[in-house]
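Me: Hey, can you walk me through this protein? Here is what I'm looking at.

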Amino acid sequence: MDINQLKKLAAEKAVEEVSSDMIVGLGTGSTVQFALEKISEKIKKGELKNIQCIPSSNRTEVEALRLGIPLTTLNEAVEWKIEEEKKERRKEEKKEDDIRKTEDRIQKSEVGSRKSALSSTYPASSIQNPESLNILHSAFYIDLTIDGADEVAVGHPDPDLAYRQTGLSGEGSKQINLIKGGGGALLREKILAQASKKNIIIVDESKLSKHLGIKWHVPVEVIQFAVSVEQKYLESLGAKVVKRKKADGSDYITDENNFILDADFGEIKNAEELSVLLNQRAGIVEHGLFIGMTSVLICAMNDGEIRMQKSECRM
């Protein structure tokens, strides 16, 4: 089956998870393009209403606007969620106040049986801890993000077994790790992933690997001031490093005005350890190792079958 047909199948399966009234994060890349087109189609048909989307790149923003997809910013989404939390809190405070007034009235009437019945209806633990009743009390401000990946490895006690099972099934699978950033939007993409309740990654079978680094280099976004020193640091870790260029030979500049160093580490046996090392460097703004951030992987196999793998331990 044609590669674009596979990407479209995976993308349309992911869009089935989008519902009205959601805040949706939009990734960047050719596979995500098919998701944008499907979201636009469902909006025009009236199947999706009152959704707000947050693009991960200027390129995605332009395309979403062209397709008529309503957009917001992450900052606006956070402010909206905070306001919703305040409303929920006020409701709970009013409810507690009403309960206290009722209990006082019952005590004054000295009707013990009614007091006992009321206490059993409203458990003391819930009243004393109003946050337990607040369903919006969360660090996640995006309901769902749909994005692609350049390479995918599913963590497993036996990586060889996991790979033989196509990387998408098998008991004992632990987490889904990715390399992202081929499109240059890794910083904003990771910000959206960390702010999302659910991250759906859509790929075709060609992106699956036993270990990360076999098929794709690790994009590393660095501030311009530190590009040389961070390149030397990456090389000290054993990577072959190339500064990313545009087609005309000029430096590739990210949406946040940084450079990208493409670091080829070869097969990465411990992606988590490498991620920690890169996180410690001041000049590295972000890197393309997405460790344990995926909730669901949707993969279109070469024969057209759609397979889904849920992460058992999203970080």
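Me: Let's start with the second largest cavity. What does its lining have by class?

Reply: By class, the lining of the second largest cavity has three nonpolar, three polar and four charged residues. Bear in mind that this is a predicted model.

Me: Ok, and which residues line the second largest cavity?

Reply: The lining is made up of Ser-56, Gly-184, Ala-185, Leu-186, Leu-187, Arg-188, Glu-221, Thr-254, Asp-255 and Glu-256. Helix H8 (186-194) gives the most to this lining, with three residues.

Me: How much space lies in the second largest cavity?

Reply: About 50 Å³.

Me: And how many cavities of 30 Å³ or more are there?

Reply: The count comes to three. The largest cavity has a volume of about 70 Å³.

Me: Which residues line the largest cavity?

Reply: Its lining consists of Thr-145, Asp-147, Leu-178, Lys-180, Glu-189, Ala-193, Asn-199, Ile-201, Phe-290, Met-293 and Thr-294. Strand E3 (144-147), H8 and strand E6 (199-204) each supply at least two residues of this lining. By class, the lining of the largest cavity divides into five nonpolar, three polar and three charged residues.

Me: What about contacts between residues 24 or more positions apart?

Reply: If you take the contacts with a separation of 6 or more, residues 24 or more positions apart account for 75% of them.

Me: Is Gln-175 buried or exposed, and why?

Reply: Gln-175 counts as buried because its relative accessible area is 8%, and buried means under 20%.

Me: Which side chains does Gln-175 have polar contacts with?

Reply: Asn-177 is one of them, with a polar contact of 3.1 Å between the side chains. Another polar contact, of 3.0 Å, joins the side chains of Gln-175 and Glu-272.

Me: And where is Gly-148 found?

Reply: Gly-148 is in the loop between E3 and strand E4 (151-154). With a relative accessibility of 8%, Gly-148 counts as buried.

Me: What is Gly-148 in contact with, leaving aside its neighbours within four places in sequence?

Reply: Val-32, Lys-180, Ile-201 and Ile-202. There's also Ile-298, which is 150 residues apart from Gly-148 along the chain, with their C-alpha atoms separated by 9.6 Å.

Me: There's another glycine I'm curious about, Gly-46. Where is it found?

Reply: Gly-46 sits in the loop between helix H2 (30-44) and E2. Gly-46 is partly exposed, with a relative accessible area of 33%. The C-alpha atoms of Gly-46 and Ser-20 are separated by 9.7 Å, and the two are 26 residues apart along the chain.

Me: Last topic: phi angles. What is phi of Asp-21 near?

Reply: Phi of Asp-21 is near 75 degrees, a positive value in a residue other than glycine. Most residues other than glycine have a negative phi. Asp-21 is found in the loop between helix H1 (3-15) and strand E1 (23-26). Asp-21 counts as exposed because its relative accessibility is 52%, and exposed means over 50%.

Me: What about Asn-257, where is its place?

Reply: Asn-257 is in the loop between strand E8 (240-243) and strand E9 (259-264). Asn-257 is not a glycine either, and it has a positive phi of about 70 degrees.

Technical notes
Residues numbered from 1 in each chain as written. Predicted model: local features only at pLDDT ≥ 70, side-chain atom pairs only at ≥ 80, totals over all residues. Heavy atoms only, no water. Helix = DSSP H or I, 4+ residues; strand = E, 2+ residues; numbered from the N terminus. 1 Å grid on protein atoms, 1.4 Å probe; cavity = no way out; pocket = protein on both sides within 12 Å on 5 of 7 lines; lining within 4 Å. Points joined across faces, edges and corners; volume = space filled by probe spheres on them. Nonpolar A, V, L, I, M, F, W, Y, C, P; charged D, E, K, R; others polar. Buried < 20%, exposed > 50% of the residue type's maximum accessible area, 1.4 Å probe, protein only. Polar contact = N/O pair within 3.5 Å; in protein donor to acceptor, adjacent residues only side chain to side chain. Contact = heavy atoms within 4.5 Å.
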